[in-house]
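Please keep the sequence and the model at hand while going through them.

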Amino acid sequence: MAGIVRRTAVALRAPVNALAFSLRRRVGWSRGAPDLPKEPMGALFDYLDGAERIAAETGERALCARYGLDDLRAGSSRRDYREVVDLLSVLDDVRVSMPWAPDRPLRVVDVGARNWSYVGALERFFRRRAAKIELSGVEVDGHGIYPNGHARCDYAEAYAAQTGNPAVRYEVADFCEWGRGDEGAFDCVTMFFPFLTRYALLDWGLPSSLFAPAAVIGRAVELLRPGGVLVSLHQTAVEQDRMVAHLERFPEVSVKVERACPTRLVAHWPKLADRRMLAVVKAT
Ligand SMILES: C[S@@+](CC[C@H](N)C(=O)[O-])C[C@H]1O[C@@H](n2cnc3c(N)ncnc32)[C@H](O)[C@@H]1O
């Protein structure tokens, strides 16, 4: 019963979401990159006990060393740093080779980048694999305003700057319309928690008109170069199955990795207990 009430309440929000999104887009609010919060990293995993805590600390130390995270460790909030470490642990486990060549930049696009608080993980992961990378984050709702008056795109700008890589860029755009002329040019597309149900999209605060999983996934496939890889994360196996069902429309791609990736590296780990990862490769 409670579930039905919640679903109805979310469905009824659709017109309000549409109005609010349209206002955010028209106003296009931005007041510049904020200073990102920094915190001491002591007791990074204080929400865990015993062996789980030791395992998380050991995992963090290994990823910090492998990906050279000392600067992010010293200049981030604990929550942001844990998010970076967690995403690196997932990417580290993809184990699918990508089609990059040493004589050109590796091109990557992250779809639905939110405020890009995790971009440090993407930048470090791909920078370890190619001398030059071009990393774009595309977010359709980049002008949402936080209580301190900064917009989502302001934070994204700050997180992108924190990578120290000028080829890391965030754009407020609908991914379905993005990258015209760059079809077949991307080595990797990442898509973390794309909306595969209308309910999830409405609950996030977006208008129903933006519910277009087939178009988003189709655009990702178009932008990939032959041999390119699409990496996606999903909250549950049911969502992952929906993603796979959409991908079946594209004979040029095949699922290479499909695995559970629960975590203890973020404080909200119980919500990620059923998290799944997919890696899909476009035929050469
Ligand atoms: C569930 S959130 C995930 C955000 C982020 N990837 C993360 O892992 O936290 C999905 C994001 O996709 C964005 N989005 C949805 N449709 C989009 C589209 N057509 N183009 C670009 N971004 C889109 C939403 O605004 C939202 O920020």
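**Notes on the predicted model**

1. Arg 95 is found in the loop between helix 5 and strand 1 (106-111). The structure is a predicted model. Although Arg 95 is not a glycine, its phi is positive, at about 55 degrees. Most residues other than glycine have a negative phi. The relative accessible area of Arg 95 is 66%, and a residue counts as exposed over 50%, so Arg 95 is exposed.

2. Ala 43 also deserves attention. This residue lies in the loop between helix 2 and helix 3. Ala 43 is not a glycine, yet it has a positive phi of about 45 degrees.

3. The next point concerns a pair of helices. Two packed helices are described by the angle between their axes and the distance between the axes. The axes of helix 3 (residues 50-67) and helix 5 come within 10 Å and cross at roughly 80 degrees. Angles of 65 to 115 degrees count as roughly perpendicular, and helix 3 and helix 5 are therefore described in this way.

4. Which residues form the contact of helix 3 with helix 5? Helix 3 contributes Glu 60, Leu 63, Cys 64, Arg 66 and Tyr 67, which meet Tyr 81, Val 85, Leu 88, Ser 89 and Asp 92 of helix 5. By class, this contact has six nonpolar, one polar and three charged residues.

5. Helix 6 is mostly covered, as eight of its nine residues are buried. Among them are Val 119, Gly 120, Leu 122, Glu 123, Arg 124 and Phe 126.

6. The structure holds two cavities of 30 Å³ or more. The largest cavity contains about 50 Å³ of space. Its lining consists of Leu 72, Ser 76, Asp 80, Val 84, Ser 117, Val 119, Gly 120, Tyr 159 and Gln 162. Helix 5 (78-92), helix 6 (119-127) and helix 7 (152-162) are the elements that give two or more residues to this lining. Its residues divide into four nonpolar, four polar and one charged.

7. The second largest cavity holds about 30 Å³ of space. Phe 21, Arg 24, Arg 25, Val 140, Asp 141, Gly 142, His 143 and Val 172 line this cavity. Helix 2 (residues 14-27) provides the largest share of the lining, three residues. By class, the lining has three nonpolar, two polar and three charged residues.

Definitions and conventions: Residues are numbered from 1 along each chain as its sequence is written. This is a predicted model: local features need pLDDT of at least 70, side-chain atom pairs count only at pLDDT 80 or more; totals for chains, interfaces and linings use all residues. Side-chain values use heavy atoms; hydrogens and water are left out. On a 1 Å grid over the protein atoms alone, a cavity is a set of points where a 1.4 Å probe fits but cannot get out, and a pocket is an open set with protein on both sides within 12 Å along at least five of seven lines; lining residues have an atom within 4 Å of a point. Grid points are joined across faces, edges and corners, and a volume is the space filled by probe spheres set on the points. Helices (H or I, at least four residues) and strands (E, at least two) are DSSP runs, numbered from the N terminus. Ala, Val, Leu, Ile, Met, Phe, Trp, Tyr, Cys and Pro count as nonpolar, Asp, Glu, Lys and Arg as charged, and the others, Gly among them, as polar. Axes are lines fitted to C-alpha atoms, for helices over the stretch in contact, and angles run from 0 to 180 degrees between N-to-C directions. Angles under 35 degrees count as roughly parallel, over 145 as roughly antiparallel, 65 to 115 as roughly perpendicular and the rest as oblique. Contact means heavy atoms within 4.5 Å. Buried means under 20% relative accessible area, exposed over 50%, partly exposed in between (1.4 Å probe, protein chains only).
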